[in-house]
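Dear colleague,

I am passing on a structure that I would like you to look over when you have time. My notes on what was found in it follow below the entry.

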Amino acid sequence: MTQAIDRPQTSVETASTAPTFSALRCRECGEIYELGAKHVCEDVCFGPLEVMYDYDTIRQRVSRESISSGPKSIWRYKDFLPVATDTPIDVGTGMTPLVKANRLARRLGLKSLYIKNDAVNMPTLSFKDRVVSIALTRAQELGFTTVSCASTGNLANSTAAIAAHAGLDCCVFIPSDLESGKVLGTLIYGPTVMAVKGNYDQVNRLCSEVANSHGWGFVNINLRPYYSEGSKTLGYEVAEQLGWQLPDHIVAPLASGSLFTKIYKGFQEFIKTGLVDDKAVRFSGAQAEGCSPISQAFKEGRDFVSPVKPNTIAKSIAIGNPADGIYALDIARKTKGNIEDVTDAEIVDGIKLLAETEGIFTETAGGTTIAVLKKLVEAGKIDPDETTVAYITGNGLKTQEAVQGYIGEPLTIDPKLDSFERALERARTLERLDWQQVLV
Ligand SMILES: *Cc1c(COP(=O)(O)O)cnc(C)c1O
Ligand SMILES: [Zn+2]
């Protein structure tokens, strides 16, 4: 049976599937490193390492047709991703809906708005499934049997779930004050969970020490160059779903800043390989006021990011010392975008606004993005004529605490028609009162 499906390895086939990536390179000084589990330029300048690709080979190998006929997951873009195997871990991650958001657009005064909906990404309902699918596939290629991460919540969900699917041992680290949905959504997969009494930045520092002493594959530390490449797929998918075109403006949340910079890289790679026409896309970033180091640097015209101590309901993006903050700043500035922050109350309003206009329930990070989108439109920093894409990166069912007390309650009735009629009348009266308050 197995023999019947196993195809013979011909030389032609080997050539067409040879890896398109060849080394790691320091983003600051250009020093080259072997393709190992390494993320900083330890020989020279301690800058971050990035995967290097052979774009001539990619250009020859890919076309719009070859991609469209590929798997309905991130793996349709495999030639742009740092994995060598032909059998990557595929749990159906990616190709999430790009929703034309007409009602939200009208409410905000925009003409053409789309929501990239990673609230329904697989398997754990956040964009982190993209980066983890890549990181764990690469971890297996590098021979790791235990995988780990420093997480603000979603990453732990993703790492635990995909490690379970791949049969890898898993130990994750989270701040001890996370939302219960994020904790439960990790424990269910059976990993070891370390709840650290401290904020994310302290968790991250601890994990760097563990990575050095235990030889585990930390998806966002020693495997970070591979992990971070997964976010490029959020750029590729939007370009493909817009009919092989780039939008005019994107709005995305900023935690470490990685996602933001990699959407940019994804667009640039599609331009470079001839899959889309060149276009100046404006990049705007969203932070919570209670953790807004990148937004503060942007507004003060600084080219460095000063660390802050996070205090916001948007825990999934509460990184006080963002590793890719300066690169995110640079992209926002050179594309004529903006970086803005919003209060916790505005974040809750953002969650409700998206739910009520589009039927999409996002978590606090998505509420941040929608609230910043609104703020930028009101400030005239997004033109009504721009085709705009807002990236919704996580699911509201995981952060229910955030909206508890702001969403009304069901009307409890007896199983009798007159009880229903009275409740309905009461509800309509309340609704009218609501409207009167709006009008006053
Ligand atoms: C991790 C995360 C982000 C941002 O991630 P960075 O790449 O670190 O900027 C955004 N949204 C959600 C829901 C996340 O979990
Ligand atoms: Zn260097």
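Is the crossing of α7 and α8 left-handed or right-handed? Before the answer, please keep in mind that this is a predicted model, and that every value quoted here is computed from it.

The crossing of these two helices, α7 and α8, is left-handed. Helix α7 covers residues 154-166 and helix α8 residues 180-187, and they pack with their axes 8 Å apart at an angle of about 15°. Because angles under 35 degrees count as roughly parallel, α7 is described as roughly parallel to α8.

Helix α7 also packs against helix α6, which is made up of residues 128-141; here the axes come within 9 Å and cross at roughly 45°. That angle makes α6 oblique to α7, and the crossing of this pair is right-handed.

The side chain of Lys128 places an N or O atom 2.7 Å from an oxygen atom of ligand 1, while a polar side-chain atom of Asn154 is found 2.9 Å from an oxygen atom of the ligand. In the case of Gly257 it is a backbone N or O atom that lies 3.0 Å from an oxygen atom of ligand 1. On its own the ligand has 390 Å² of accessible area, and the protein covers 97% of it.

Met122 and Pro123 are joined by a cis peptide bond, with omega at about 5°, and Pro123 belongs to the loop that runs between β5 (112-117) and α6. Met95, which is not a glycine, has a positive phi near 50°, and its place is in the loop between α4 (64-68) and β4 (98-100). I mention both because most peptide bonds are trans and most residues other than glycine have a negative phi.

Terms used. Residues are numbered from 1 along each chain as its sequence is written. Chains are lettered from A and ligands numbered from 1 in the order in which they are written. This is a predicted model: local features need pLDDT of at least 70, side-chain atom pairs count only at pLDDT 80 or more; totals for chains, interfaces and linings use all residues. Side-chain values use heavy atoms; hydrogens and water are left out. A polar contact is a pair of N or O atoms within 3.5 Å; within protein, one must be able to donate a hydrogen and the other to accept it, and residues adjacent in sequence count only if both atoms are side-chain atoms. Accessible areas come from the Shrake-Rupley method with a 1.4 Å probe; for residues, only the protein chains shown count as cover. Axes are lines fitted to C-alpha atoms, for helices over the stretch in contact, and angles run from 0 to 180 degrees between N-to-C directions. Helices (H or I, at least four residues) and strands (E, at least two) are DSSP runs, numbered from the N terminus. Angles under 35 degrees count as roughly parallel, over 145 as roughly antiparallel, 65 to 115 as roughly perpendicular and the rest as oblique. A crossing is left-handed if the near helix is turned anticlockwise from the far one by less than a right angle, and right-handed if clockwise.
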